[in-house]
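Subject: Structure handover

Dear colleague,

Please find the structure for our discussion below, together with its sequence.

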Amino acid sequence: MNAVLDVIWHGLRDALLMAWEVWWALVLGFAISAIVQAWVPRERVERALSGGGPRSVAWATGLGAASSSCSYAAIAIAKSLFQKGASAVSALAFQFASTNLVWELGLVLWVLIGWQFTVAEYVGGMVMIVLMAVLLRLFVSHSLEREARAHAVAADTGHQHHSVGSELTWRQRVTSFAAWSDVAHNFRGDWQMLWKEISIGFLLAGFVAQFGNGFFESLFVSNAPEPIPTIENVLIGPLIAVLSFVCSVGNVPLAAVLWSGGISFAGVLAFLFADLIVLPILAIYRKYYGFSFTVRITALMFVTMVLAGLLINALFSVLGAIPSGPRPSRADIFGSLQVNYKLFLNVVGLAIFATMFWITRRRGATDPMCGMTVDRAKAFKKEVAGTTYYFCSQHCMNAFEGGEQHGHAGPAHAH
C-alpha cells in the first residue's frame, strides 16, 4: 500500500511540476490565439475556401493557424467548412494547421524540450499539408468526397465553439474594452474546451514517468542499425498517441517524457502529429463523414504523419539540428519550484489569466445548454417568464427552445 501511495504522490507531484514549468507559456499562447481569433475577420476567409486549389489550401492553412488549437474544435469547424463547399483538401489543411501551427503548442514545446522541436513542429505541419494535398486522390476519390459531403450535410450539426469578434480597426480594438472582451471570451472559451485535455496530458506524463527508462528501452528499438530504429519509432509514435486519447497541447507533456525515455526525434514528431487520429476523434469522423471516408482519411493522415516525421528527421539530420548529447532527465523535464525568472513569468501568466476571466465575469453570462461563457452584448438571447437567457450559438438556443417546448429545458450537452 505504501508503494502504491508513493507512486501516486510522485505522479501527481511530477504532473504539477510540469504544469508549473509551462504555465506562463500556455497562458501567453492562448492569449495570442484569442487575439487572433477575435481580431482577424473569419467570414471573408471562409468564403475563399470553396475551391480546392493552392489558393484555397493556403487560406485554409492561414485560418487554421489563426484558430484555437483544440482538436475537437478544429474538426468541427473543418466539417462546417466542408458542408459549405470547401474541398476535402482545404478542410484537412485547416485541421492540420489548427493543431500543428498554433502559438501555444510551439511555446510549450520550446519550454519543455527545446526550440528544435518547435521549429520541426511548424515545418512538419507545412510538410504534412503538402503531402496530404499531393496524396489525397490516392485515398479519396471524387465520388467518395461527394458522398462524404452529403453525409456531413445530413449529419447533426452539433455544437461548435464560435469565435467572438467585431468589426473594428486595429487602433480601435487596442483601446476598446469591448474588443478586449472579445479576446477574453475567446480565451476563456479555449480554456473551457481544453482544460481537461491539458490536465490529462500532465497527469499522464507524470504517471508514465514513474515507469523509468527501462520501460521505454523495451518499447523503442535503439540498438539496431539505422534506419530501423527511426522507422520503428516513427511508426509506434502515432500508435501511442492513438491509444493515449490525449490530443492538442495535452500531448506535449507525454512527448517530453517519451523523448527523455529514448524515442527518436522522428518518433516524437510523429507522436505530436498524430493528435488528429486519436480514438474519440475517429468516432467523430465516422459520425460526420461515414465509415468509408473516415477509414481513408485516417489512413491518409497516418501516412502523412509518418512521412513528415521521416522527412523532417532527415532534414534536421543534414542541418545538424537534431538535439544530441544526453537526453533531458526527469528532473530537467519536470523542473522544481524555485525563486527565479519562471516564478516571475508564472505570476505574470496568472495575472493575465485572472484579468481575462474577470472581464468575462463582468460582461459575461453562462449558456444554459453548454455551459459556455458568452458576452451578454453579443450573445443570442431569449426571454422566458421575465428571465433572459444567453446562448453562444443558434444551435444552443434552438436546443433550449426544443427542451422548453417539451417542458424540460436545461443543459443538453457539455461543451
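What follows is an account of what was found, going from the whole chain to single residues.

This is a predicted model, in which local features need pLDDT of at least 70 and side-chain atom pairs count only at pLDDT 80 or more, while totals for chains, interfaces and linings use all residues. Residues are numbered from 1 along each chain as its sequence is written, and side-chain values use heavy atoms, with hydrogens and water left out.

The chain as a whole

The secondary structure comes to 19 helices and 4 strands, where helices (H or I, at least four residues) and strands (E, at least two) are DSSP runs numbered from the N terminus. Of the 415 residues in the chain, 52% are buried; here buried means under 20% relative accessible area, exposed means over 50%, and partly exposed lies in between, with a 1.4 Å probe and protein chains only. Among the contacts in the chain with a separation of 6 or more, 78% are made by residues 24 or more positions apart, a contact being heavy atoms within 4.5 Å.

Gly 262, which follows α13, has a positive phi, near 120°. Helix α14 (265–273) is mostly covered as well, with 9 of its 9 residues buried, among them Phe 265, Leu 269 and Phe 273.

In the loop between α14 and α15 you will find Asp 275, which is buried, with a relative accessible area of 1%. Leaving aside neighbours within four places in sequence, Asp 275 is in contact with Ser 71, Thr 99, Cys 247, Ser 248, Asn 251 and Ile 281.

A helix crossing

Two packed helices are described by the angle between their axes and the distance between the axes. The axes of helix α8 (residues 142–154) and helix α15 (residues 279–289) come within 6 Å and cross at roughly 95°, the axes being lines fitted to C-alpha atoms, for helices over the stretch in contact, with angles running from 0 to 180 degrees between N-to-C directions. That makes α8 roughly perpendicular to α15, since angles of 65 to 115 degrees count as roughly perpendicular, under 35 as roughly parallel, over 145 as roughly antiparallel and the rest as oblique. On the α8 side Ala 148, His 151 and Ala 152 take part, and they meet Arg 286, Lys 287, Tyr 288 and Tyr 289 in α15. The residues of this contact divide into 4 nonpolar, 1 polar and 2 charged, where Ala, Val, Leu, Ile, Met, Phe, Trp, Tyr, Cys and Pro count as nonpolar, Asp, Glu, Lys and Arg as charged, and the others, Gly among them, as polar.

The cavity

The structure holds 1 cavity of 30 Å³ or more, and the largest cavity has a volume of about 50 Å³. A cavity is a set of points, on a 1 Å grid over the protein atoms alone, where a 1.4 Å probe fits but cannot get out, and lining residues have an atom within 4 Å of a point; grid points are joined across faces, edges and corners, and a volume is the space filled by probe spheres set on the points. The lining consists of Phe 82, Ala 88, Ala 91, Leu 92, Gln 95, Tyr 289 and Phe 293, and helix α5 (residues 88–100) gives the most to it, with 4 residues. These lining residues divide into 6 nonpolar, 1 polar and no charged.

Single residues to look up

Helix α10 (residues 177–208) holds Met 193, which is buried at 14% relative accessible area, and also Asn 186, which counts as buried at 0%. Asn 186 and Ala 34 are 152 residues apart in sequence, yet 5.1 Å apart in space, C-alpha to C-alpha.

The phi of Ala 385 is near 50°, a positive value in a residue other than glycine.

With best wishes

Definitions and conventions: 1 Å grid on protein atoms, 1.4 Å probe; cavity = no way out; pocket = protein on both sides within 12 Å on 5 of 7 lines; lining within 4 Å.
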